[in-house]
Amino acid sequence: MATTPEGKVKQQVKRFFEKNQMWSFMVVPSGYGNVGFPDFVACAPLKITPDMVGKTLGVFFAVETKAPGKIKNATENQKRNLRAIGTHGGVAVVADRVDIVEAAYELLKSGGTAMTFIPE
């Protein structure tokens, strides 16, 4: 069975979530869903610094995957949903390579920084 270029990126993102022990779910579009919902939603573990009580929290993490070179092809509905996730403290990225997802997670782990990455 042939895998599309975007399908390969999705496989890499899924493996990244598994490797980093993140709960994740790949959304399968249907007639009942939310238009523009990201391909993946996940909960990323984040250890709060000792001066912030030292507890681990889960951070909402959303990824819209695109085929390599098609990173600017997010629809307006997808961008709207990703911006809303970022506005509410989650991590929301468009990625055509897994290293974009890795970089967003490293930024979250190192500084507690939630971010939105949507190339225009």
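**Note on a predicted structure: helices, salt bridges and a pocket**

1. In helix H3, the residues Val98, Ile100, Val101, Ala104, Tyr105 and Leu108 are buried. These residues lie on the same side of H3, because they cover an arc of only 165 degrees around the axis, the arc being that of the directions from the helix axis to the C-beta atoms. Here "buried" means under 20% relative accessible area, "exposed" means over 50%, and "partly exposed" means in between, with a 1.4 Å probe and protein chains only. The face of H3 turned away from the buried side carries the exposed residues Ser110 and Gly111.

2. Residues are numbered from 1 along each chain as its sequence is written, and side-chain values use heavy atoms, with hydrogens and water left out.

3. The length of H3 may be checked next. Helices (H or I, at least four residues) and strands (E, at least two) are DSSP runs, numbered from the N terminus. The expected span of a helix is 1.5 Å times one less than its number of residues. H3 has 14 residues (98-111) and should therefore span 20 Å; its end C-alpha atoms are 20 Å apart, which agrees. After H3 comes Gly112, with a positive phi near 70 degrees.

4. Helix H1 passes the corresponding check: its 15 residues should span 21 Å, and its end C-alpha atoms are 21 Å apart, which agrees. The buried residues in H1 are Gly7, Val9, Lys10, Val13, Phe16 and Phe17. Gly7 lies in H1, which comprises residues 5-19, and counts as buried because its relative accessibility is 17%. The C-alpha atoms of Gly7 and Lys66 are 8.6 Å apart in space, although the two residues are 59 apart in sequence.

5. Which residue that follows H1 has a positive phi? This residue is Gln21, with phi near 50 degrees, a positive value in a residue other than glycine. Gln21 is placed in the loop between H1 and strand E1 (23-26). Its relative accessible area is 72%, so Gln21 is exposed.

6. Salt bridges form the next topic. Side chains of opposite charge can pair when their charged atoms come close. The criterion used here is a side-chain nitrogen of Lys or Arg within 4 Å of a carboxyl oxygen of Asp or Glu. By this criterion, a search of the whole structure finds nine salt bridges.

7. One of these joins Lys79 to Glu76, with the closest N and O atoms 3.4 Å apart. Both residues belong to helix H2 (residues 76-87), and because they are three residues apart, about one helical turn separates them.

8. Arg83 is partly exposed at 38% relative accessibility, and Glu120 is exposed at 58%.

9. Lys109 is partly exposed at 39% relative accessibility, and Glu106 is partly exposed at 43%. Elsewhere, salt bridges that share partners join Glu76, Lys79, Arg83 and Glu120 into one network.

10. Finally, the largest pocket contains about 250 Å³ of space. A pocket is an open set of points on a 1 Å grid over the protein atoms alone, where a 1.4 Å probe fits, with protein on both sides within 12 Å along at least five of seven lines; lining residues have an atom within 4 Å of a point. The volume is the space filled by probe spheres set on the points, which are joined across faces, edges and corners. Of the 14 lining residues, Val27, Pro29, Ser30, Asn34 and Phe37 lie nearest the centre. The lining divides into six nonpolar, six polar and two charged residues; Ala, Val, Leu, Ile, Met, Phe, Trp, Tyr, Cys and Pro count as nonpolar, Asp, Glu, Lys and Arg as charged, and the others, Gly among them, as polar.

Key: This is a predicted model: local features need pLDDT of at least 70, side-chain atom pairs count only at pLDDT 80 or more; totals for chains, interfaces and linings use all residues.
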